[in-house]
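Hello,

Here is the structure for your files. My notes on what turned up follow below it.

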Amino acid sequence: MSQFVGSLDQGTTSTRFIIFDREGNIVASGQKEHAQIYPRPGWVEHDPTEIWLNAKSVIVDALAKARLAPRDLSSVGLTNQRETTLIWDRRTGAPLHHALVWQDTRTDSLVAYFSKNGGKDRLRAKTGLPLATYFSGLKLAWLLENVPGARAKAKGGEALFGNIDSWLTWNLTGGARGGLHVTDVTNASRTQLMNLTTLEWDREILSLFDIPHACLPEIRSSSEIYGICVEPLAGVALAGILGDQQAALFGQACLQPGEVKNTYGTGCFMLMNTGATAFLSGSGLLTTLGYKLGTAKPVFALEGSIAISGALVQWLRDNLGIIDRSNDIEALARSVNDNGDVFVVPAFSGLYAPYWQASARGIIAGLTGFANKGHIARAALEATAFQVRDVVEAMAADSKVEIRELRSDGGMVVNDLLMQFQADMLNVPVVRPKIIETTALGAAYAAGLATGFWESTQDIKRNWRIDKEWRPRMDEGERSRLYAGWKKAVTRSLDWAR
């Protein structure tokens, strides 16, 4: 029996393939970035063909590094950037347009139009989501309306819709030569087209958005054998699909109600396992599918989505040039003792949870002649921690559960200054696991459970181990003062765009 399982992790900025052993350790990996395309202010696109080519490249690279062949993998899981939306031709396999990335705001007029009758929460009872530019459904509506010939093809089932998971699954299992057109419940729950009660596409919402059912993928569980892959994974079972944040929840072994993880990546995403109960938020959070293992009942989650966290560091590097590399941010932030009363609100495409203000825009507040680039760097890191506290407070209000520990993962968790400040802002310990690639690991777990590589979720719990812990050490007066400054800065960013 194979000792390895593979995981294809397709993110906002890059694609990775990681091979894990039975203990959840990384055996080998390959990674490749793809282009970020900005046709207009607020518009963000990816080239789906580039993403598929990169996926094939990193699979080959990781297998070569590990000196393994596809037959050495027991199965493969897939995890993906959620809400990023595309349509492609069933016959040729060619995308009809670039993918619209989850950050894209071109559907703001559609949000306003559908919000007129019933408000932004008119679909929350069915989908757990407010009307927002974030989700896939309105992105699909825009594509059908604006791409020549797309609507006619979609009605006939000749144009296929999917988030990136569906696109990669279709290509991995044969593409135009019989590829599977499926998605899992976690990705389907991010379209605003799936009913949380039935776990099926909602006919009334499809009619409201004028979306043909024929173009939609089949909704499946997060852990089952969907089909067998072709090259470059010929013969390997594709057996797990999870949206990236749900995959991280699973990879962090947050398997009991009340357990919470936070992923610090391009954006920042906190999920709380709420078990069999789909709590509808009254505090600006999202109700989403956590995961569904085969025929077992679905597990739900509350989510706080933050649009900009690591992307702010990239902006300081690429747009302002105050750092040369992303990992230079910590040293620059440490060059000053505090933020100098400077606050950065990174509302580049509005504010997500818990505000949901599409008209907000980024600001740097509190500047004086004393401020320097070190203060801006420190304020940029602190902005992530402040936004996470906003979400934690909303989560506690909705769930009535006080968070006792925050499990952290993602690229930014190597930043000790940020993690300590996060513990200080939340006044609870922040822990980092031994394996921080929890998104890829979660998808691997889903695949491995479906194929018997792991026997049960108890194996996942046993594999989870702490690497480092940060405990709060800031006094309450300073914590309150800083957070009040942040909240004041947020008010200045609101209603900026008209």
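What covers the buried residues of α4? The cover includes β6 (85–89), β7 (99–100), α2 (108–115), α5 (150–155), β8 (159–163) and α8 (203–209). Two notes before the rest. This is a predicted model, where local features need pLDDT of at least 70, side-chain atom pairs count only at pLDDT 80 or more, and totals for chains, interfaces and linings use all residues. Residues are numbered from 1 along each chain as its sequence is written, and side-chain values use heavy atoms, with hydrogens and water left out.

Helices (H or I, at least four residues) and strands (E, at least two) are DSSP runs, numbered from the N terminus. Buried means under 20% relative accessible area, exposed means over 50%, and partly exposed is in between (1.4 Å probe, protein chains only). In α4, 9 of the 11 residues are buried, so the helix is largely enclosed by the rest of the structure. The buried ones are S136, G137, L138, K139, L140, A141, W142, L143 and L144.

T133 sits in the loop between α3 (124–127) and α4 (136–146). T133 counts as buried, at 8% relative accessibility. Contact here means heavy atoms within 4.5 Å. Not counting residues up to four places away in sequence, T133 touches W102, D104, T105, T107, D108, V111 and K139.

Nonpolar cores

A nonpolar core is a set of buried Ala, Val, Leu, Ile, Met, Phe, Trp, Tyr and Cys residues joined through side-chain atoms within 4.5 Å. The largest has 72 residues. Within this core, Y134, Y264, M270, V388 and M395 touch the most other members. Helix α12 (residues 373–399) gives the largest share, 13 residues.

Take V388. Leaving aside neighbours within four places in sequence, V388 contacts N262, Y264, C268, M270, I306, L406, Q422 and L426. There is also a second, separate core of 33 residues, and L100, A154, A188 and I219 are among them.

Helix packing

Helix α9 (residues 244–251) packs against helix α14 (residues 438–451) at an angle of about 75°. Their axes are 7 Å apart. Axes are lines fitted to C-alpha atoms, for helices over the stretch in contact, and angles run from 0 to 180 degrees between N-to-C directions. The two helices are therefore roughly perpendicular. The cut-offs are under 35 degrees for roughly parallel, over 145 for roughly antiparallel, 65 to 115 for roughly perpendicular, and oblique for the rest.

From α9, the contact uses D244, A247, A248, F250 and G251. From α14, it uses T438, T439, L441, G442, A443, Y445, A446 and L449. By class, that is 8 nonpolar, 4 polar and 1 charged residues. Ala, Val, Leu, Ile, Met, Phe, Trp, Tyr, Cys and Pro count as nonpolar, Asp, Glu, Lys and Arg as charged, and the others, Gly among them, as polar.

N80

N80 is in strand β5. At 0% relative accessibility, N80 is buried. Its C-alpha atom is 9.5 Å from that of S166, which is 86 residues away along the chain. Not counting residues up to four places away in sequence, N80 touches Q10, N163, I164, D165, N187, L242, G243 and D244.

Cysteines

How many disulfides are there? The count is 0, with a disulfide taken as a pair of cysteine sulfur atoms within 2.5 Å. The sulfur of C268 is 14 Å from the closest cysteine sulfur, in C254, which is too far for a bond. C268 is buried, at 1% relative accessibility. C215 is also buried, at 1%.

Backbone points to check by eye

Most residues other than glycine have a negative phi, and most peptide bonds are trans.

- E231 and P232 are joined by a cis peptide bond, with omega about 10°. P232 is in the loop between β13 (223–228) and β14 (237–243).
- A353 and P354 are joined by a cis peptide bond, with omega about -5°. P354 is in the loop between β19 (343–345) and β20 (363–365).
- R67 is not a glycine, yet has a positive phi of about 55°. R67 lies in the loop between α1 (48–66) and β5 (73–80) and is exposed, at 79% relative accessibility.
- A253 has a positive phi near 60°. A253 lies in the loop between α9 and β15 (260–264) and is buried, with a relative accessible area of 5%.

Best wishes
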